[in-house]
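Thanks for coming. I have one structure to go through today, and I will take it region by region. Please have the sequence and the model open.

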Amino acid sequence: MTKYIGILTAGGDSPGLNAAIRGVGKAALGMDMRVIGFRDGFRGLMNDRTYRLDGETLSGILTVGGTILGTSRDKPHRMSIGGKVMDMTDVMMDTYQRHHLDALVCLGGGGTQKNAYRLLQKGMNIITLPKTIDNDVAMTDATFGFDTALGIATEAIDRLHSTAHSHHRIIVVEIMGHNTGWLALGAGIAGGADVILIPEIPYDIESVAAAIRRRSRSGHRFSIVAVSEGAMSQDVSTAIQTLRENKETAANDDEKNQVKSKLKAMEVEQARSTWELSRQLEILTGLESRVTILGYVQRGGTPSAVDRLLATRLGAACAELIQAGVYGVMVAARGEKAEPVPLEQVVGKRKSVPIDHPWVQTARHVGTCLGDEV
Ligand code: F6P
């Protein structure tokens with residue numbers, strides 16, 4: 001019997017998404033399945049907006065950045081429609097049934113795994129692939145997008161070295177990664193940053209300033225500080241932790257809302273912390289400091305060979321699993337293998353950098369300041 005499958009991409013875009021769509025699509029067509037894409041993530045599934053996926057449209061997309069299907073950060077159970085927030089999972093189920101789908105493939109990061117799991121619970125045959133430049137999806141060795149972003153961020157650090165060196169400045173470079181430090185740590189090590197600050201290791205500003213002053217004394221009059229967008233000082237980290245605990249123990253809704261707005265204010269402050277970090281380092285070291293926010297450059301453009309290979313491998317394995325009728329799983333990278341992992345083991349978890357991870361030890365061994373030394 002010919003199988004019918006749908007594919008959608010959700011969450012932030014990532015290099016390798018098209019390679020994965022192509023991997024799933026070409027392998028599925030080769031197994032005599034019919035494939036359709038849904039536009040703009042779960043919104044396209046809700047509105048039944050499809051995109052033809054056949055030999056012609058799947059051709060020539062391997063090297064293309066972004067996603068030909070479009071994406072969005074919509075959540076099926078909390079769709080914003082004309083100013084109202086509504087659970088649209090039933091409407092999505094209607095689309096699924098209207099197309100007589102045997103499976104829906106959802107390509108995305110941690111949030112998408114959670115959203116796809118909701119549709120699995122509704123009764124759809126769901127299968128997911130792990131994509132994100134943050135590398136923070138649980139139960140997989142790797143996510144596609146990470147390697148490309150790592151290369152871009154590393155090249156940026158290389159380039160920042162010569163300007164920092166020429167002007168005898170500190171350059172604080174902010175690297176994406178959401179609440180995990182994989183990207184900043186990896187690029188920081190590969191690019192030879194002098195300081196690397198990640199969310200998993202809250203920093204003491206004095207420790208960072210002391211490391212930069214030590215460099216100055218030994219004749220290095222510039223420093224590169226690679227800071228993850230989610231990194232925070234020890235003080236801010238403690239304050240956020242306390243507020244989170246207060247939220248749990250709040251006596252009533254009023255109290256809970258007060259704590260929530262304080263938490264929100266704290267998180268807004270954290271989002272600006274790279275500028276504050278740079279300003280404080282100027283005061284504490286007497287050196288000039290500049291900020292570079294790498295931002296979306298890290299997500300754009302053609303995927304690296306490693307990401308193309310990973311996305312194609314996982315995509316083709318996904319088609320094989322559909323052929324075998326294996327659903328409710330994420331196709332995880334395990335060494336050279338692609339293995340199905342039950343979605344309930346993936347959702348609600350985040351793969352953070354363990355503080356004793358070999359990369360952390362490597363950074364310390366080569367004398368990189370991680371902001372926690374006394
Ligand atoms: O998850 C990928 C990512 O690029 C994170 O690194 C970053 O925090 C976030 O997405 C940015 O999200 P948005 O595209 O919604 O601005």
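I'll start with valine 353, which is in the loop between strand S14 (337–342) and helix H12 (358–365). Keep in mind throughout that this is a predicted model. Is valine 353 buried or exposed? Its relative accessible area is 3%, so valine 353 is buried, the cut-off for that being under 20%.

What does valine 353 touch, if we skip residues up to four places away in sequence? The list is Gly181, Trp182, Leu185, Ile198, Glu200 and Val360. There is also a pairing to look at with aspartate 136: valine 353 and aspartate 136 are 217 residues apart in sequence, and their C-alpha atoms are 8.6 Å apart in space.

Next, the domains. The domain assignment gives domain 1 as 4–144 + 303–335 and domain 2 as 149–299 + 355–365. Nine residues from domain 1 and nine residues from domain 2 make up the contact. Taken over C-alpha atoms, the centres of domain 1 and domain 2 are separated by 33 Å.

That brings me to the ligand. Which residues are around the ligand? They are Arg73, Thr132, Ile133, Asp134, Met176, Gly177, His178, Glu229, Tyr296 and Arg299. Each of domain 1 and domain 2 supplies at least three residues to this shell. By class, the shell divides into three nonpolar, three polar and four charged residues.

Now the distances to ligand oxygen atoms. For arginine 73, a polar side-chain atom lies 2.7 Å from an oxygen atom of the ligand. For arginine 299, an N or O atom in the side chain is 2.8 Å from an oxygen atom of the ligand. Glycine 177 takes part through its backbone, with an N or O atom there lying 3.2 Å from a ligand oxygen atom. How much of the ligand does the protein bury? Taken alone the ligand exposes 400 Å², and the protein buries 73% of that.

Two backbone angles next. Most residues other than glycine have a negative phi. Asparagine 135 is not a glycine, yet it has a positive phi of about 60°. You will find asparagine 135 in the loop between strand S7 (126–132) and strand S8 (144–145). With a relative accessible area of 5%, asparagine 135 is buried.

The other one is aspartate 40, also not a glycine, with a positive phi of about 55°. Aspartate 40 sits in the loop between strand S2 (34–38) and helix H2 (42–47). At 26% relative accessibility, aspartate 40 counts as partly exposed.

On to a helix position. Serine 278 is in helix H10, residues 273–285. Its relative accessibility is 6%, so serine 278 counts as buried. Where are its contacts, leaving aside neighbours within four places in sequence? Serine 278 is in contact with Val172, Ser289, Arg290 and Val291.

Last, glycine 55. Glycine 55 is in the loop between strand S3 (50–52) and strand S4 (79–81). It counts as partly exposed, at 45% relative accessibility. Glycine 55 and leucine 119 are 64 residues apart along the chain, and 28 Å separates their C-alpha atoms.

To go back to the ligand before I stop: the residues around it include Arg73 and Arg299, and the shell draws at least three residues from each domain. That's what I have; I'll take comments now.

Note on methods: Residues numbered from 1 in each chain as written. Predicted model: local features only at pLDDT ≥ 70, side-chain atom pairs only at ≥ 80, totals over all residues. Heavy atoms only, no water. Helix = DSSP H or I, 4+ residues; strand = E, 2+ residues; numbered from the N terminus. Buried < 20%, exposed > 50% of the residue type's maximum accessible area, 1.4 Å probe, protein only. Contact = heavy atoms within 4.5 Å. Near = heavy atom within 4 Å. Polar contact = N/O pair within 3.5 Å; in protein donor to acceptor, adjacent residues only side chain to side chain. Areas by Shrake-Rupley, 256 points an atom, 1.4 Å probe, with all protein chains shown as cover. Nonpolar A, V, L, I, M, F, W, Y, C, P; charged D, E, K, R; others polar. Domains from an automatic or database assignment.
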